[in-house]
Every structure is written in structure tokens, then in C-alpha cells.
Amino acid sequence: MPPLLLPASPSLSLHVAGAAASSSRRAMVAVASAASRSSSSSSFDASAFEAERLRLDAEARASMATTALGAQAEADPRAWKWKIRKRVWDVLEAEGVARNPRPVHHRIPNFDGAAAAADSLGRLDVFQNAQCVKVNPDSPQKQVRFLTLSGDKKLLTPQPRLRTGFFSALESQMIPTGCIPEACTSVGAAKYGRPIGLDEVIKVDLIVIGSVAVDPSTGARLGKGEGFAELEYGMLRYMGAIDDSTMVVTTVHDKQLVDDIPVEKLLIHDVPVDIICTPTQVILTNTAIPKPQGIYWEKLSPEKLGQIRILRELKRRIEQETGTILPCGPSENLPPTAQRRRRRGR
């Protein structure tokens, strides 16, 4: 079935039922969070958090650049993804629609009209009916995070690159008056959010995911190449927070729409999207691509596992529960800076 294209307009409404979370549970969480907010936010070191986030960002961008250079070899199965990513990044910069942080290369790119795309998403019934929305932490989805919190919904957002934790859960009752815009930033989410772990009982009604490129005819999506969206999706599946019926939405610029992502080359852990929101249109992809069912350990490198504590915790837990040693994926090269830090024991 071909995708359904609808113009972005204030009256747009898609009737997709979102599972409602228990109001009593939300109230208890809000009370508990409010009780602990003053002590946790007062001890939060925003400058240290931001410095660490920027360090991780620079390290990851160096790693992705190294991976992209290696993928230029024709035999590398990742080469086609990097060609599409680079083309889209180049177009956004060349045609003047890229926005800070710049350059947009090796990022989920921010773009002119990101707020308009978010507003189109905010008018959909699938968003309006959702009680809990998982949103990626990137700049172009900041308005989606704002709409989630200002709409009295629970916001679930991953902590930066999952290095320091897992997810932060936020609700408007947890945030001081006038501070919702700050809470929509990475620093603010860490400052005002409640960290959750793998044992959290939570139902996510909608997933908003960032993209570099997306094919409206199939729902196939490419991220920036780190794989965190797939890992986050897989862990939420393990927790029982989502299932195949949980809608996945992305907000992108129209110039990020492509028609050359080969579905047959996608990997089992790649996450397709059900809805695409741009500044000018909303597209229902009617995707037939299967959604991942969990973490595919045979695809996960020991280096990536070593960087993410929550993944190591999950691996130990599954191995203890099943009595089986999980497989490991092929090794990957770390950037030189990361290798030097490891040799110094950091």
C-alpha cells in the first residue's frame, strides 16, 4: 500500500488510539518526584553535565567520521548508508536549511522549520491521545519535547548516549513554574528528570525518533550511525513498555525525504517509522518493515557494550535468568582518543 500524504494544517487529525496510562500511577509518580525535586535539582551541576555531554558528543562525532571513512570501501556493507547520509547532510548545508548546531554532519540534523514539523505532530490524535511519549534528545525535536511536557504528558528521554544512565522521566508537575523550556534541553532533562531503570513499570504510547534520511514509500529510516535509537527501542521492548502496535514517528525536513534506501539491505535491528512529519506535510508510510523485537546481541560490538553500563546490566540479567551466555557482535575500531583514554585506565 502506498504512503498516505496529508498536508500539514491546524485541522489535521489522525485517529490512532493511544493506550492511556493509569491516572493514579501518574499522580503517585508526580508526588514522589515533587518531594525529591528540590534536593536533586539543587545538587545538580549543570556546567559539569554540559561539559561531559559536549565531550561525549565530540568523541562520538570523531568515531562516526572514522567509521564513515572506513565505509567508503566498496566491500563494506555500511557504505551505502554513509553515502545517503552524506548526501542529505550536504544538501541541508548547501541549500541553507541547516540550523545550529553546525555543521549538521554526523548529527541528527537541526533544520529550518523543525518547530513547524513538531507542531504538525502535536495536532495528530496519536500524539494528543498519548499519555507517555518517548522523544530523542536532539535539537530538531526540542519542540516535540516542549509540546509533550506542556500538554501534561509524561516525557521519556534518553540520557546522553546512554553513557551515564538510561532514561529520564519528566512530567510538568516535577518542573518549577516557567522552567519547561529548560527541561526540554539535555541539561534540563537531567536536572529535573527522574532517572528510571530496567525494572520501571511504564507504558510508552508513542515513540518520536530523529532521522537523517527517511523513505516515505517504505518507512525505512537512517539515523546518524551510532545505533542508539535501535538500542533504546530494543530495551523498551525488553521492559514490555512498547510492542509492535506502538507508533513510531519522525520529524524531518522535506529535503531529508529520499527514495533510495534499499529495504532488503536493512538490518534486523533497524527501526522503521509509521508517520513522517515535515514542515509542509504528514505522511503515513504504511510500513511493512518488521519492527525489532529486542536487543540483537550478535550485532552489538564488545566496544559498544563496554561503553554503555545499562546494556551490560541487561546482558548480565538475561544471562542469569536464562543460564545462557549471550552472543557478541564483531569488534569495531574506537577512535584514537578513546583508545588513549582506555590505556590510561580512564
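1. Pro 103 is found in the loop between H3 and H4. In this predicted model, a cis peptide bond joins Arg 102 and Pro 103, with omega at about -10 degrees. Pro 101 has its place in the loop between helix H3 (79-94) and H4. A cis peptide bond also joins Asn 100 and Pro 101, and here omega is about 5 degrees. A reader new to the structure may want to look at both bonds in the coordinates.

2. On confidence, the chain averages a pLDDT of 83, and 75% of the residues score at least 70. Two stretches need separate mention. Over residues 10-40 pLDDT stays under 50, and the model has 46 contacts beyond four places in sequence for that stretch. Over residues 334-346 pLDDT also stays under 50, with 11 contacts beyond four places in sequence.

3. As for the overall make-up, the secondary structure comes to 12 helices and 11 strands. The chain has 346 residues, of which 52% count as buried. Among contacts in the chain with a separation of 6 or more, 71% are between residues 24 or more positions apart.

4. Helix H4 covers residues 114-122, and its buried residues include Ala 114, Ala 117, Ala 118, Ser 120, Leu 121 and Gly 122. What covers them? Helices H5 (125-128) and H6 are part of the cover. Strands also contribute, among them E6 (206-209), E9 (247-251), E10 (275-277) and E11 (281-284).

5. Helices H9 and H11 are a pair to inspect. Two packed helices are described by the angle between their axes and the distance between the axes. The axes of H9 and H11 come within 12 Å and cross at roughly 35 degrees, and the crossing is left-handed. From H9, the contact is made by Leu 231, Met 235 and Tyr 238. From H11 it is made by Ile 310, Leu 311, Leu 314, Arg 317, Ile 318 and Glu 321. By class, the residues of this contact divide into 7 nonpolar, no polar and 2 charged.

6. A search of the whole structure finds 18 salt bridges. One of them is between the side chains of Glu 232 and Lys 134, at 2.7 Å from N to O. Glu 232 lies in helix H9 (residues 228-239) and Lys 134 in strand E2 (residues 132-135), so the pair ties together parts that are 98 residues apart in sequence. Glu 232 counts as buried at 6% relative accessibility, and Lys 134 counts as buried at 3%.

7. The side chains of Lys 315 and Glu 319 meet at 2.7 Å, N to O. These two residues are 4 apart in helix H11 (residues 309-322), so they are separated by about one helical turn. Lys 315 counts as buried at 15% relative accessibility, and Glu 319 counts as buried at 16%.

8. Salt bridges also link Asp 199, Arg 309, Glu 313 and Arg 317 in a network. Arg 317 is also one of the H11 residues in the contact with H9.

9. Asp 205 and Lys 203 form a further salt bridge, their closest N and O atoms being 3.9 Å apart. The cut-off for a salt bridge is 4 Å, so this pair falls within it. Asp 205 is buried, with a relative accessible area of 6%, whereas Lys 203 is partly exposed, with 31%.

10. The loop between helix H6 (142-150) and strand E3 (154-158) contains Gly 151. Gly 151 counts as partly exposed at 38% relative accessibility. Where does Gly 151 stand relative to Gln 128? The two are 23 residues apart in sequence, and their C-alpha atoms are 8.2 Å apart in space. Asp 152 has its place in the loop between H6 and E3. Asp 152 has a positive phi of about 60 degrees although it is not a glycine, and it is partly exposed, with a relative accessible area of 37%.

11. Asn 286 is another residue other than glycine with a positive phi, near 50 degrees. Asn 286 lies in the loop between E11 and helix H10 (302-307). At 35% relative accessibility, Asn 286 counts as partly exposed.

Technical notes:
Residues are numbered from 1 along each chain as its sequence is written. This is a predicted model: local features need pLDDT of at least 70, side-chain atom pairs count only at pLDDT 80 or more; totals for chains, interfaces and linings use all residues. Side-chain values use heavy atoms; hydrogens and water are left out. Buried means under 20% relative accessible area, exposed over 50%, partly exposed in between (1.4 Å probe, protein chains only). pLDDT is the predictor's confidence in each residue, from 0 to 100. Contact means heavy atoms within 4.5 Å. Axes are lines fitted to C-alpha atoms, for helices over the stretch in contact, and angles run from 0 to 180 degrees between N-to-C directions. A crossing is left-handed if the near helix is turned anticlockwise from the far one by less than a right angle, and right-handed if clockwise. Ala, Val, Leu, Ile, Met, Phe, Trp, Tyr, Cys and Pro count as nonpolar, Asp, Glu, Lys and Arg as charged, and the others, Gly among them, as polar.
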